[in-house]
Amino acid sequence: MTENDLTLDDGRRVRVHDTGTRSGADSLVVFWHHGTPNIGAPPVPLFPAAERLGIRWISYDRPGYGGSTPRPGRDVASVAGDVAAVASALDVERFAVMGHSGGGAHALACAALLPDRVLGVVDVAGLAPFGAEGLDWFEGMTPSIAASLRAAAQGRGEKEKHTAGAEYDPEMFTAADHAALAGEWSWFDDVVAPAVAAGPGGQIDDDLAYVAPWGFDPRRISVPVLLLHGDQDRIAPSSHAQWLADHCPSAELRLRPGDGHISVLGTGPAALEWLAERSAG
């Protein structure tokens, strides 16, 4: 995998990750959207499945993370312009998108705003829009996660104050999550540590974006969408996925019994197979 810096038209720098074209020019490109707080390196535990399916991963660090310039005040929709610029710089016209956790909303943004370029979407353990009609947005979240996002909803000052005093809460993860984090998904250690090394700016900007208007309507998405979610998720409750399934006409929901926010990634290879099938032709 290579890492390179790309300067955008507005002068910002983004750090791009690319597994290259080993599978050939006709391989399926999947653009990975990372969670919060992570850098953008694509998910190594899914590399074997991607290799088998001829998938090339491309991704980038969202503004404020890793090697990417901060962009305070960004909304979820802003990801579409960055992704389009990265893809064009790499001579990639069409691609699929996959996001985990907070990356799910950003994957949906690409589907909604780049319909002529996005072939399909996998949204794993993602959130629904803040204030979604008929959804109790915070219900089912572990208290520490709810408190963090409630602080974000009160504005940057409250979010910064909350973040300064926040501590890691292992209760946000289920027993199945902890088992996954102790196994192949210990990969998260490699993307979380560098994401927070330079401070909490990227995470703060992410959370502020999640509780603000996203800048697009999931109901306008027309490309195939797979919503993959664990029914025991304590970070993004499965009711969020159910809301998206009910309001996105092209969405299919796979609710995984017993899975949490991390362990649900164990079915990632099957999700990539779904994405390859929907993206063919």
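Which residues is M98 in contact with, leaving aside its neighbours within four places in sequence? The first legend answers this, and all of the views come from a predicted model.

**View 1. M98 and its contacts in the nonpolar core.** Leaving aside neighbours within four places in sequence, M98 is in contact with V30, F31, W32, H33, L46, W57, A107, V122, V124 and L272. M98 is also among the residues with the most contacts inside the largest nonpolar core, together with F95, V118 and V121. That core has 91 residues. Helix α3 supplies the largest share of the core, 7 residues. In soluble globular proteins, nonpolar side chains tend to be buried together.

**View 2. The packing of helices α2 and α3.** Two packed helices are described by the angle between their axes and the distance between the axes. Here α2 covers residues 79-89 and α3 covers residues 102-113. Their axes are 8 Å apart, and the helices pack at an angle of about 75°. The two helices are therefore roughly perpendicular to each other. On the α2 side the contact is made by V79, A80 and V83, which meet H106, A109, C110 and L113 of α3. Of the residues in this contact, 6 are nonpolar, 1 is polar and none is charged.

**View 3. The salt bridge between D206 and R74.** The side chains of these two residues meet in a salt bridge, at 2.9 Å from N to O. D206 belongs to helix α8 (residues 201-210), whereas R74 is in the loop between β4 (55-60) and α2. The pair links distant parts of the chain, 132 residues apart. Both D206 and R74 are buried.

**View 4. The salt bridge between R234 and E171.** In this pair the closest N and O atoms are 4.0 Å apart. R234 has a relative accessible area of 31% and is partly exposed.

View 5. The side chains of D259 and R256 meet in a salt bridge at 3.8 Å, N to O. D259 is buried, with a relative accessible area of 13%. R256, at 35% relative accessibility, counts as partly exposed. In the whole structure, a search finds 20 salt bridges.

How values were computed. Residues are numbered from 1 along each chain as its sequence is written. This is a predicted model: local features need pLDDT of at least 70, side-chain atom pairs count only at pLDDT 80 or more; totals for chains, interfaces and linings use all residues. Side-chain values use heavy atoms; hydrogens and water are left out. Axes are lines fitted to C-alpha atoms, for helices over the stretch in contact, and angles run from 0 to 180 degrees between N-to-C directions. Helices (H or I, at least four residues) and strands (E, at least two) are DSSP runs, numbered from the N terminus. Angles under 35 degrees count as roughly parallel, over 145 as roughly antiparallel, 65 to 115 as roughly perpendicular and the rest as oblique. Contact means heavy atoms within 4.5 Å. Ala, Val, Leu, Ile, Met, Phe, Trp, Tyr, Cys and Pro count as nonpolar, Asp, Glu, Lys and Arg as charged, and the others, Gly among them, as polar. Buried means under 20% relative accessible area, exposed over 50%, partly exposed in between (1.4 Å probe, protein chains only). A nonpolar core is a set of buried Ala, Val, Leu, Ile, Met, Phe, Trp, Tyr and Cys residues joined through side-chain atoms within 4.5 Å.
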